[in-house]
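These notebook entries record what I looked up in one structure, from the whole chain down to one residue.

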Amino acid sequence: VFGVFDCPDASQMTPTRSRSTTAVQALSLLNSQFVNRQAEYLANDIRNRTKTLPEQVNLAVFRTLCRPAEPAELKILSEVASNQGLTQVCRILMNLNEFVFIQ
């Protein structure tokens, strides 16, 4: 995992870490057992707290991105939730740049 994300070698001194972003990193996150398990935990918690699908999607966006869902996002993510389940919505949200990178 650390190799994919260009983890620096702790045995070598360097003034700055090189930056690299690759498709392999995105695929590693998307297919990560850890991320998928966390998405399932989040989805189960949200299902226990809310009843309707729009409420669940709104809460998933709020819990992962710390903001309410925009109307276009709500529409798309609700379609995903109804077709593939809330766990997949949580998985998508956990793979967004907005979730992964601190601004």
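I began with a definition: a residue is buried under 20% relative accessible area, exposed over 50%, and partly exposed in between, with a 1.4 Å probe and protein chains only. By that rule, 26% of the 103 residues of the protein count as buried.

**Entry 1: the source.** I noted that this is a predicted model, in which local features need pLDDT of at least 70, side-chain atom pairs count only at pLDDT 80 or more, and totals for chains, interfaces and linings use all residues. Residues are numbered from 1 along each chain as its sequence is written, and side-chain values use heavy atoms, with hydrogens and water left out.

**Entry 2: the fold.** I looked up the secondary structure and found six helices and zero strands. Helices (H or I, at least four residues) and strands (E, at least two) are DSSP runs, numbered from the N terminus. Along the sequence the pattern reads α-α-α-α-α-α. I then looked up contacts, meaning heavy atoms within 4.5 Å. Of the contacts with a separation of 6 or more, 48% join residues 24 or more positions apart.

**Entry 3: helix 3 and helix 4.** Two packed helices are described by the angle between their axes and the distance between the axes. I found that the axes of helix 3 (residues 53-65) and helix 4 (residues 71-84) come within 10 Å and cross at roughly 115°. Axes are lines fitted to C-alpha atoms, for helices over the stretch in contact, and angles run from 0 to 180 degrees between N-to-C directions. Helix 3 is therefore roughly perpendicular to helix 4, a term for angles of 65 to 115 degrees. Where they meet, Leu53, Pro54, Val57, Asn58 and Val61 of helix 3 face Leu74, Leu77, Ser78, Ala81 and Ser82 of helix 4.

**Entry 4: the core.** A nonpolar core is a set of buried Ala, Val, Leu, Ile, Met, Phe, Trp, Tyr and Cys residues joined through side-chain atoms within 4.5 Å. The largest has 18 residues, of which Ile46, Val61, Leu77, Leu86, Val89, Cys90 and Leu93 touch the most other members. Helix 2 (33-49), helix 3, helix 4 and helix 5 (86-94) each give two or more residues to this core. Leaving aside neighbours within four places in sequence, Leu77 is in contact with Val57, Val61, Val89, Ile92 and Leu93.

**Entry 5: Asn36.** Not counting residues up to four places away in sequence, Asn36 touches Leu30, Asn31 and Arg91.

Conventions: Parallel < 35°, antiparallel > 145°, perpendicular 65-115°, else oblique.
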